[in-house]
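This report describes selected local features of one protein chain.

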Amino acid sequence: MSRVSSEDTTRADRRLLLLVGIIVILAVGPTLIAVTDLLAHPPNSVGDGATIVALTFMTALGTIIKAPIRIRSTTHAITWIEAAIVIGLAVAPPAWVLLATGAGVGIASAIMKLPSIKTAFGVSKNILVAGGASATALAVHWQWPPVGLTELIGLLGAIYLVAALLDDLLAIPVIALATGTRISRQFLNNLDLRLAGFGVRFVVALCTLFILWADPRLLLAVPPLVLSLHLAYSARIRGRTEQQAWQRLARTTDALNVVDLDNVLTTAVTQAAELFSADEVEIELRDGGRTVRGGTGGITFDGPTGTPTDVDGTVIPAPLEGHDRTVDVGMLRLRFRGPVQLSEREQYTLRTFASALCTAVRNAQAYAELARVADEHAYAAAHDALTDLANRRHLLDEGTEQLSTRHADGVTALVLIDLNHFKEVNDTLGHAAGDQVLVQVADRLRGAAQATDLVARLGGDEFAVLLRGLPAPAVAAHRAETLLVALHEPFELDGMRISVEASGGISIAPSSGGMAELLRRADVAMYQAKRAGQRIATYAPTRDTADLGRLTLGGDLPRAVADHEFVVNFQPIVDLGSGAVTSAEALARWHHPTHGMIDPLRFLEAVERSGLLPAFAEAILDQALIAAATWREAGFDVPVAVNVSPRSLLDARFPGSVLARLRAHDLPPDRLVLELTETLTLSQLDVVDRVLSRLRDEGVRLALDDFGTGYSSLSLLSRIPVHELKIDRSFVTTMESSAEAAAVIRSTLDLGRSLDLDVVAEGVESEPQRRALWELGCVAGQGHLFARPMPSGTLLAAMQRGSGGRPGTLAAPLHDAGAVIRLNQNRRQAGRSGADRLPHLPA
């Protein structure tokens with residue numbers, strides 16, 4: 001924003017006084033010469049005295065009769081003095097003309113009560129003009145009466161041209177300094193009007209001299225001629241002035257169409273100062289108590305309302321309000337150093353300008369508010385709401401940009417930090433206390449990081465720090481150690497001191513793979529540190545088992561999803577008593593073109609980190625639902641169970657995707673079972689509760705897989721709305737030799753009955769295990785005893801063939817049909833549940 005200080009204004013005033021002083025000093029010489037000549041050749045008759053008086057009167061009248069133009073508090077005028085000087089040179093000696101010119105201008109200035117500096121300037125300037133015209137007359141041998149009309153016109157034109165040029169050369173620099181404009185611009189302003197004025201006055205002088213030459217009695221026609229020309233010329237000047245004012249108003253309102261408030265105020269101040277010829281323009285805004293002041297040179301003050309100004313004189317206010325006057329954003333004030341009264345046209349222009357400025361200020365304020373809201377949204381989209389750190393998205397964007405310039409900006413590394421056993425804080429003290437700990441962790445990491453580092457929270461208790469511009473890879477380990485040391489001291493929490501341990505993984509930017517690979521490697525290193533009981537580990541390719549022996553499976557994932565390389569096999573779940581198929585679990589496999597069939601334990605982690613999880617999950621779900629629909633059309637209404645990644649449950653769009661696939665395959669929601677694993681994520685995040693609740697409310701059945709192996713199975717059941725529990729195979733395998741395993745199975749079955757949940761035993765490998773589970777009250781099971789995972793068509797053929805000629809079964813029943821079975825009290829509910837789950841068999 002442009003600024004003009006009061007010192008600049010004072011400096012301009014000094015230059016103006018200096019220039020006027022120089023003109024006054026220059027006028028002293030011609031004046032002394034004229035006085036000396038007058039003393040040497042004094043008037044010797046009454047006629048000579050009358051001539052001097054007439055010349056003085058004519059000059060005074062030419063000064064008073066003028067076309068006024070107001071600039072700021074000063075009114076500048078175009079006078080008829082040059083015509084009076086030229087006419088005087090025809091009838092009197094040059095000395096008389098020069099002294100009469102000075103006396104006439106002085107008398108007129110006194111009559112008009114002009115300030116002393118203006119009087120001095122006017123007298124001195126016109127003495128110099130008269131002196132220049134007199135010198136030209138002597139140079140061209142001007143004499144009266146002329147020999148002929150051609151001589152009259154030629155000599156008079158030369159004299160008048162010198163007088164007009166001198167008048168402009170002396171007046172324009174002074175006016176430019178007084179108005180704060182450039183001399184070149186001031187010279188070009190109204191040039192056509194000035195030239196026209198010179199022509200009119202030359203014609204008047206020529207006509208007057210021609211009349212004197214022809215017949216002095218015709219001089220009576222000169223005053224009406226001069227008056228008519230003066231009125232016409234004055235009207236022309238006023239018309240041009242108003243036209244220029246409207247044009248400037250149009251340009252000014254157009255210039256206000258900007259969205260930056262500072263630019264609006266700067267434009268308004270500078271344009272208003274020029275538009276109204278004001279010495280200072282002040283804009284006071286109601287909102288924020290802000291006031292700006294300035295002139296044609298720019299803003300001189302921008303600060304709080306109430307600060308005094310150094311411009312005293314006339315103040316003309318204009319409220320900044322809309323056309324309907326319902327909105328008032330502030331006040332516009334025009335300040336002049338002297339007395340000024342705006343014309344009716346200027347008052348209307350001021351109201352129009354104030355209304356346009358009101359609209360511009362409101363638009364700029366509205367745009368600023370929109371920009372502020374947009375910035376807030378952009379900031380919120382890139383930062384974690386709890387800790388105000390960068391979020392995963394911001395980290396990935398910044399990291400990707402950094403890696404694109406890493407060769408010129410040093411080494412880039414990533415430190416991934418995970419809090420150990422943080423769940424204990426949430427479970428013991430509550431999530432509010434856990435949030436406080438996370439905020440303190442964020443503050444310590446932010447304090448320990450350097451200015452070039454980017455600290456981010458990826459979610460839950462996982463943090464990351466992007467190290468940029470490292471001089472060498474080895475420096476990353478030292479910087480990571482500094483970060484983890486910052487977390488070593490206990491945290492203060494409501495008067496308690498809580499110690500939180502952390503593990504960190506370091507990865508150096510790879511040559512390929514980008515930010516996703518850098519993050520994956522840091523994650524691998526962090527889990528290496530956890531498994532080794534270390535605080536920090538640096539990624540080592542030789543220890544990376546997450547990518548199938550470093551065969552870059554992660555890079556093959558996009559192709560695998562696009563080419564449908566993921567296939568689904570199905571392992572049936574059967575009724576332990578009857579051997580009938582009650583459902584089937586979908587198990588994904590990767591049919592890699594080079595490495596063959598790959599187990600999900602070897603690629604699922606890479607899928608979760610690749611960003612392809614939604615596409616992968618949809619592909620597996622589609623295959624599972626197609627199989628269920630095929631079985632149903634063949635007469636086997638067998639539900640299908642699909643394993644769900646915990647990360648899918650963090651996506652609020654996941655339920656909608658599942659329900660859309662069910663509708664696409666025309667399957668009831670209860671024909672789908674989503675199997676969930678016990679993870680910390682499930683017990684920590686409310687978004688998981690909302691996702692699961694919506695799925696259950698829509699009719700999708702939920703099962704808790706590997707029950708009993710997690711950290712807090714019972715606490716999970718209080719939050720997760722499941723329908724089914726699946727006993728982990730490790731308990732089934734050891735139930736015959738381990739009393740503890742048998743006790744876990746028995747307690748799980750009792751829990752299922754008390755909560756009205758179905759229970760499925762995994763890993764049933766032998767008939768003794770089947771019978772033992774049945775005797776304990778377990779109704780359903782799956783395992784190699786019944787079938788290994790197989791394609792959907794193979795399973796359909798097995799169900800159609802059946803066991804012992806009974807379609808829909810895969811094993812012989814434990815008891816013959818119609819046999820009387822003694823059921824203990826613990827099995828009554830189990831038997832009822834098993835009967836309810838028998839599939840609809842074909843006739």
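Aspartate 756 follows helix α25 and has a positive phi, near 60 degrees. The model is a predicted one. Helix α25 itself covers residues 739-754, which makes 16 residues. From the first C-alpha of α25 to the last, the helix reaches 22 Å, close to the 22 Å expected at 1.5 Å a residue. Several residues of α25 are buried: Ala741, Ala742, Ile745, Thr748, Leu749, Leu751 and Gly752.

The axes of α19 (residues 613-633) and α27 (residues 792-801) come within 10 Å and cross at roughly 25 degrees. Because angles under 35 degrees count as roughly parallel, α19 is roughly parallel to α27. The crossing of these two helices, α19 and α27, is right-handed. On the α19 side the contact is made by Ala627, Thr630 and Trp631, and on the α27 side by Ser792, Leu795, Leu796 and Met799.

Turning to the strands, β15 (residues 566-575) is mostly covered, with nine of its 10 residues buried.

| Strand pair | Sense | Bridges | Example of facing residues |
|---|---|---|---|
| β15 and β16 | antiparallel | nine bridges | phenylalanine 570 and alanine 586 |
| β15 and β23 | antiparallel | two bridges | valine 574 and glycine 781 |

The β15 and β16 strands form a hairpin, with five residues between them. In the turn of this hairpin, glycine 579 has a positive phi of about 80 degrees. Within the pairing, alanine 586 in β16 is the bridge partner of phenylalanine 570. On β23, glycine 781 stands opposite valine 574.

Valine 311 lies between β5 (298-304) and β6 (314-321). Which residues is valine 311 in contact with, leaving aside its neighbours within four places in sequence? They are Asp279, Glu280, Arg335 and Arg337. Valine 311 and phenylalanine 336 are 25 residues apart in sequence, and their C-alpha atoms are 7.2 Å apart in space.

Key:
Residues are numbered from 1 along each chain as its sequence is written. This is a predicted model: local features need pLDDT of at least 70, side-chain atom pairs count only at pLDDT 80 or more; totals for chains, interfaces and linings use all residues. Side-chain values use heavy atoms; hydrogens and water are left out. Buried means under 20% relative accessible area, exposed over 50%, partly exposed in between (1.4 Å probe, protein chains only). Helices (H or I, at least four residues) and strands (E, at least two) are DSSP runs, numbered from the N terminus. Two strands pair if DSSP finds at least two bridges between them. The expected span of a helix is 1.5 Å times one less than its number of residues. Contact means heavy atoms within 4.5 Å. Axes are lines fitted to C-alpha atoms, for helices over the stretch in contact, and angles run from 0 to 180 degrees between N-to-C directions. Angles under 35 degrees count as roughly parallel, over 145 as roughly antiparallel, 65 to 115 as roughly perpendicular and the rest as oblique. A crossing is left-handed if the near helix is turned anticlockwise from the far one by less than a right angle, and right-handed if clockwise.
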